[in-house]
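I opened this notebook to record what I looked up in the structure. The entries follow the order in which I consulted it.

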Amino acid sequence: MKIDLGSSLLHTRKSLLKRRAMDLITCTAILPLLFGCLGIFGLFRLLQWIRMKAYLRNAVVVVTGATSGLGRECAKAFYAAGAKLVLCGRNVEALEELAQELMASHSPQKKTHKPFTVTFDLADSEAIVAAGAEILQCFGYVDILINNAGISYRGAIVDTTVDVDKKVMETNYFGTVALTKALLPSMIKRRRGHIVAISSIQGRIGIPFRSAYAASKHATQAFFDCLRAEVKQDEIEVTVISPGYIHTNLSINAITGDGSRYGAMDRNTAQGRSPAEVAQDVLVAVGKKKKEVVVADWVPSLAIYLRSLAPGLFFSIMASRARKERKSKDS
Ligand SMILES: NC(=O)C1=CN([C@@H]2O[C@H](COP(=O)(O)OP(=O)(O)OC[C@H]3O[C@@H](n4cnc5c(N)ncnc54)[C@H](OP(=O)(O)O)[C@@H]3O)[C@@H](O)[C@H]2O)C=CC1
Ligand SMILES: CCCCCCCCCCCCCCCC(=O)OCC(=O)COP(=O)(O)O
């Protein structure tokens, strides 16, 4: 009995000592290590944020398609970050109105720059050369080009004229490529510049009844991937952004198989993310000099992986999607 009491006392003492040792290790090693790591992470994020702010402040930023949707919100976001803007679009009144709105939106104490506007049609290749020169005259150089302007399309391949394929390609691909080429030499000369392409999830996957649009975005993705590799030696950054659905006028402005305006707000578009939110993602991606960013919910993001890892399954899902869409159209 005596021995039992002694050994249990010894056991209690041992476990007490063990707990104390553990408490000591926790206090002296683990907790400081944890707080240290959190501190370093916080400091890293703070430095990253400061660097991003400095990169965007006073940068000359060109935004195409600034009259509407994502482009308009990008203009607001980059202006608020202190950028010197060149707003591009086809509608001169809408561009001037935006410039006025931007200038009125900030207190005189905050240092902002009066935006310039340049009007041209991206589907007109000759106009783009002149526009490039006009853009360069605004501030003398360009730091960041945001190729945002674009149109979408809705239709069955079998009912679509090649002219429609060409029109979508002219605006989304050739126009973007031409403007990039008009501004690239000056960037290379300065050994400084950043080119951004607003592509789409549909630059990574092809979905039914979007052939012209998806093809133009796949071409955009490929072009800017090639460009990124070629201009690395010139210190030029290339960022490709692939958003999912955004609540803009894209579906309303889309063209159909015969070239007429689609004119309706699609449910997916209406339920898409707010353009202001996506513009913030664009700002951060550019500020952090990301090479590519997918800005979408998990289903479209997963679809990209499915397309490369299980193409057979992806193609079946797309075929069934096409069947369903055709059926709902017919009924
Ligand atoms: N909304 C969405 O769900 C998604 C959109 N995107 C991409 O985002 C970008 C912006 O589209 P979004 O804001 O949604 O759509 P909007 O239709 O609201 O805006 C499109 C912009 O592009 C301009 N534009 C169109 N055609 C031309 C042209 N020929 N020459 C010059 N400018 C032109 C329009 O100018 P104008 O006022 O003169 O017509 C407008 O400013 C596009 O590249 C689109 O593909 C990507 C993924 C999803
Ligand atoms: C539970 C497992 C899920 C597996 C995923 C299956 C794949 C599902 C298909 C998802 C298709 C997503 C399409 C997204 C398209 C998109 O976001 O496009 C953005 C646009 O550019 C919109 O342009 P539009 O003119 O088409 O409105």
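Entry one, the ligand shell. I note that the model is a predicted one. The shell around ligand 2 holds 22 residues, and I listed the closest as Ser 152, Ser 200, Ile 201, Gly 244 and Ala 303. I then looked up which helices contribute: H7 (250-253), H8 (267-270) and H10 (298-309) each give at least two residues to the shell around ligand 2. H10 provides the largest share, five residues.

Entry two, the sheet. I traced an open sheet of seven strands with parallel pairing, in the order S3-S2-S1-S4-S6-S7-S9. S3 (116-119) and S9 (292-295) each have a single partner strand, so one side of each lacks a neighbour in the sheet. From one strand to the next, I read an average twist of 15°.

Entry three, one strand pair. I examined S1 (residues 60-63) and S4 (residues 144-147), which run parallel and are joined by three bridges. In this pair I found Val 63 opposite Ile 146 of S4.

I located H6 (residues 211-230) lying across S6 (193-198) and S7 (236-243), and its direction makes about 155° with S7.

Is Gly 36 buried or exposed? I placed Gly 36 in helix H1 (residues 2-56). Gly 36 is exposed, because 10 other C-beta atoms lie within 10 Å, and a residue counts as exposed at 12 or fewer. I also looked up Gly 312, which is 276 residues from Gly 36 along the chain; their C-alpha atoms are separated by 48 Å.

Conventions
Residues numbered from 1 in each chain as written. Chains lettered and ligands numbered in written order. Predicted model: local features only at pLDDT ≥ 70, side-chain atom pairs only at ≥ 80, totals over all residues. Pairing = 2+ DSSP bridges. Helix = DSSP H or I, 4+ residues; strand = E, 2+ residues; numbered from the N terminus. Axes fitted to C-alpha atoms, helices over the stretch in contact; angles between N-to-C directions. Contact = placed C-beta atoms within 7 Å. Buried ≥ 20, exposed ≤ 12 C-beta atoms within 10 Å, placed from the backbone. Near = placed C-beta within 6 Å.
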